[in-house]
Amino acid sequence: MSEAALERQIRPIYDALDHGSNKSAINACNKVLKKYTNNTLVKALKALALTRSQKVEEALVLCDEILASVVTDDSTLSVMTHVLKGLARNSDMVAMFDNAFKQQPQSEELGAQTFFAHVRTGNWKSCQQVATKMHKQFHEDRYVYWAVTGAILQANDLGTPPNIRTLLYKLAHRHVTSCSTPSYMAVDRFHLHLIILQELQLWDEANTLLESDIGKSICSASLVCNETRREIWRKRGLYKDEGERAQEKIKNNDRNWLEFVSVIDATFASVQGPDVSEEGKSECSENIAKTRDFLIEIAKVDGSNNRSASLALLELEKNAFSYGITSDESTLVDSMESYFSQFGDKACCFEDLWPCVDLGADAKLRWISFLASQEPSFATTGDLQRVINVRKLQRISLTASELSTDKELYLASTYLEEYMAGLELGSSLPVTELQPADDLAILVGHAFVSLWTTTKDESYLYNAAVVLEFALTKSRMSFQIRLLLVRIYRLLGASSLALDHYRAINIKQVQNDTLSHFLLTRALTFSLSATGDLTYPSECIESSQIYVSNSQDTPDFIIRAFTSEKYSQIPEFVSFDDRLENSLQRDVVKLEHVRMRMTHEPINSDLIDMELIELKFVFDRFHHDNRDFGMLPNYQPACQPSLNDQTLMFGSSTGQGWLWYFIKIYIRALQHASDLDDIVEEKLLIGDRPKKSPEPEVQLPLRERLAIRKPEEAAELTADELQLMEWATAVSDWLEPYHDHTRPPPAVVLAEANKQNELRTGLPLRGVDLKALNGDANANGHAKKDEEAPPVKEPPQLVAQFFEHMQARFVQLQQSQSLPSDLLHVATLTQEAFLLFAVESHRFKTASVVKIHKLGALVQSLKDIRSKACTVLKTMSNDLLKMGEVAGSAERRKSFVESCKPITDFPGLHHDFVLNIAKNVGESRKKVLEGVGKGMVKICTNYGQ
């Protein structure tokens with residue numbers, strides 16, 4: 001058959017794959033393969049369809065057949081790339097292209113694809129070697145810079161030793177200097193050259209490049225090259241030269257803030273370092289006077305059109321005081337007053353002045369008097385913004401002695417009154433626009449949150465919620481108001497309202513990594529998964545999609561950057577990919593999903609084995625904390641914790657320490673329940689293992705790492721979570737000898753896995769040598785072992801009494817009228833302990849195991865603990881159900897409305913509006929309290945026997 005005829009037969013396969021009809025694609029492939037049994041392209045297409053159909057074992061067999069024959073045609077290589085990416089077999093993808101390039105070393109396209117395959121896996125050493133080989137083969141200059149970039153990225157890797165790092169930069173330098181085309185022929189090549197010279201401190205060569213006419217021309221046109229040039233000059237100590245150059249650029253109307261920074265750095269160059277002489281201080285004082293005159297002159301020229309010079313004056317005066325050049329803060333206050341008078345009608349004024357407000361007593365008194373002298377006006381949006389800036393600056397300057405309940409109530413009333421007045425200016429704005437008075441509503445929220453923090457009276461949170469909900473009726477696109485409401489509703493236990501506001505923000509892309517902590521931190525507290533409501537687990541999955549798209553898309557961006565020779569962008573893409581791939585929030589959400597999944601799905605070997613492997617991967621990572629807490633504005637007084645800290649549920653966030661503590665107890669519990677050991681896991685693992693962190697602790701054996709406890713990590717846990725950790729550790733220590741004794745040997749586990757795979761797919765497991773398993777594999781997995789079972793011991797006191805302790809803690813919180821979130825925290829932790837106990841005792845549910853190993857006494861102890869736990873959970877459940885009825889009652893709504901009397905006199909905040917908010921809060925509380933309560937009963941029913 002001709003090639004055209006074959007193409008006609010293959011075309012329907014592509015169409016079926018494009019339309020997601022995987023079954024049709026498989027059938028079409030089978031038809032073609034009857035005639036062309038060895039056609040690798042059709043086999044690859046079938047493997048792709050099988051992979052998308054989740055028929056992994058069948059796809060693996062086809063992949064092995066294709067990889068065994070060296071593939072060189074573009075079509076097959078392209079399809080196999082998708083197949084191997086879907087199976088997470090990146091190492092096989094690299095080997096496939098390596099073999100193809102070796103087979104056809106004259107093919108430049110294959111060489112490039114081999115290079116890109118190594119880029120996708122982040123193997124920068126191999127990238128450098130392949131690019132060097134390509135340059136020797138094809139004599140293309142760009143391959144030199146591909147090799148240079150590969151060497152630099154390898155040098156910057158965390159796992160590269162310092163001495164190797166230097167050698168790699170020297171190698172990169174040799175590549176650049178030996179290239180036939182000078183680096184200054186392209187901007188990004190020139191930038192690479194500068195980075196190498198900076199790292200190797202080859203200042204003379206760098207100076208020659210930068211002082212050349214073409215070097216000056218490139219730096220004047222390229223911001224990234226100019227920034228690198230600036231760093232080189234600073235490292236050489238040429239602050240004064242850089243300052244003079246920056247002054248010339250500023251005189252020529254360049255208002256880049258970095259130029260002003262250079263001028264200020266040059267001013268204080270003589271007082272840098274630990275030992276500062278009197279001559280240095282005297283020189284600095286003269287420089288300050290000159291720089292002050294220069295900046296004043298520029299500020300006069302710019303007026304209110306540009307604030308760079310005025311902002312630089314503030315920085316100058318602040319540094320003069322902090323360096324001890326002047327002891328009088330009056331000049332700084334003069335600059336602050338002048339700056340406010342000129343730019344007080346701009347939203348950025350508060351952020352600009354905030355670093356300067358930490359003043360001495362006399363200077364602070366003068367500054368406060370100046371702010372108090374500003375007459376409030378609401379004639380224009382500029383006047384309103386000036387009022388807002390005054391209120392913010394006054395608030396952060398409050399001292400502890402000035403703060404009281406009456407003072408905060410007065411401030412809340414003032415902010416609210418001014419907010420209502422400011423709404424008139426935005427009455428004609430479209431609904432998609434923000435109201436200019438929004439920040440005053442946020443200040444009201446600050447005042448009421450401060451009152452709640454000091455008094456623990458939740459009625460103040462009601463007031464804050466009502467005012468912010470009203471503000472959203474005027475400015476529904478305000479994400480800051482919604483984020484604050486998310487925090488407040490989580491404190492109040494109104495989790496569904498928090499979820500609604502979070503979703504209304506319309507979080508997209510990387511914001512799922514930076515902002516999902518607002519909703520998903522300790523999400524188990526509000527999860528109703530046990531009753532079948534998968535809202536929160538679905539939110540976890542949704543927020544994790546960014547990590548999947550990142551692993552697919554970012555390598556493509558890096559490849560495009562190489563192709564277009566945008567080398568300055570590549571380190572940023574690599575860093576972005578690394579920070580997302582190893583995101584702390586990613587794995588915190590993963591763990592939260594595991595905690596919720598166990599309340600909903602049956603605890604069986606599939607769940608245990610899958611989560612064990614994935615959590616061990618997480619445990620090997622080096623994490624980056626990308627969470628953005630700054631999105632929540634903070635205008636609280638400096639003497640108080642920030643608004644973020646005040647509104648954190650339980651007073652702490654879930655950082656690295658929290659993750660490590662929880663992941664250790666989960667890995668250990670799942671290890672005990674699983675038959676997988678390292679040998680079995682290695683045989684059954686399909687894809688590549690993720691890259692391990694280079695940290696020394698990660699190189700320790702897993703058993704040692706699981707036993708490590710650090711005080712700084714424990715500090716991130718609540719007292720109740722710490723109690724759970726201690727209990728879980730005691731349970732694991734108690735049951736570990738019995739698990740180790742009864743666990744079947746690896747050969748038995750692999751034989752059973754092979755048997756199940758043959759029943760499911762008709763194919764044996766890949767990589768499992770059945771002949772080698774003949775001895776133990778034919779034995780019963782629970783056969784009696786030669787050694788005696790360890791003697792059964794009574795459970796430790798901590799294990800036996802844990803659930804009674806949690807019951808007492810729950811009653812204590814009830815009596816102290818704590819927030820629903822605090823009660824739910826204790827209840828869900830008790831439920832979690834019960835589920836962990838179910839995991840730990842999963843192996844001893846099998847009667848044959850108990851009988852063969854004579855563990856009847858152990859099973860009786862487990863039953864006693866399980867019985868006590870069920871009793872406690874059912875008692876808590878009854879209490880939560882009663883609380884849910886009260887939370888949704890008319891009396892509680894009436895109490896809510898009465899609590900909001902301080903604000904109901906204002907227009908718009910009428911009785912019906914407040915009552916509607918009260919109803920929503922009550923119903924949301926009732927839903928979560930009853931849902932958690934009913935879920936606990938269901939869990940007792942499932943695992944109580």
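Q: In this predicted model, which helix supplies the largest share of the lining of the second largest pocket?
A: α38 does, with 5 residues. This helix spans 702–707.

Q: Which helices each supply at least two residues of that lining?
A: α34 (605–619), α36 (656–673), α37 (678–684), α38 (702–707) and α40 (719–742).

Q: What is the volume of the second largest pocket, and which lining residues are closest to its centre?
A: The volume is about 790 Å³. Of the 34 lining residues, K616, Q671, D678, L702 and R703 are the closest to the centre.

Q: What makes up the lining of the second largest pocket, by class?
A: It has 15 nonpolar, 4 polar and 15 charged residues. Asp, Lys and Arg count as charged, Leu as nonpolar.

Q: Why are α22 and α24 called roughly parallel?
A: Helix α22 (residues 381–396) and helix α24 (residues 438–455) pack at an angle of about 20°. Angles under 35 degrees count as roughly parallel. The pair is therefore roughly parallel. Their axes lie 10 Å apart, and the crossing is left-handed.

Q: Which residues make the contact of α22 with α24?
A: From α22 come L384, I388, R391, K392 and R395. From α24 come D439, L440, L443, H446, A447 and S450.

Q: How do the residues of this contact divide by class?
A: There are 5 nonpolar, 2 polar and 4 charged residues. Asp, Lys and Arg count as charged, so R391, K392, R395 and D439 belong to that class.

Technical notes
Residues are numbered from 1 along each chain as its sequence is written. This is a predicted model: local features need pLDDT of at least 70, side-chain atom pairs count only at pLDDT 80 or more; totals for chains, interfaces and linings use all residues. Side-chain values use heavy atoms; hydrogens and water are left out. Axes are lines fitted to C-alpha atoms, for helices over the stretch in contact, and angles run from 0 to 180 degrees between N-to-C directions. Helices (H or I, at least four residues) and strands (E, at least two) are DSSP runs, numbered from the N terminus. Angles under 35 degrees count as roughly parallel, over 145 as roughly antiparallel, 65 to 115 as roughly perpendicular and the rest as oblique. A crossing is left-handed if the near helix is turned anticlockwise from the far one by less than a right angle, and right-handed if clockwise. Contact means heavy atoms within 4.5 Å. On a 1 Å grid over the protein atoms alone, a cavity is a set of points where a 1.4 Å probe fits but cannot get out, and a pocket is an open set with protein on both sides within 12 Å along at least five of seven lines; lining residues have an atom within 4 Å of a point. Grid points are joined across faces, edges and corners, and a volume is the space filled by probe spheres set on the points.
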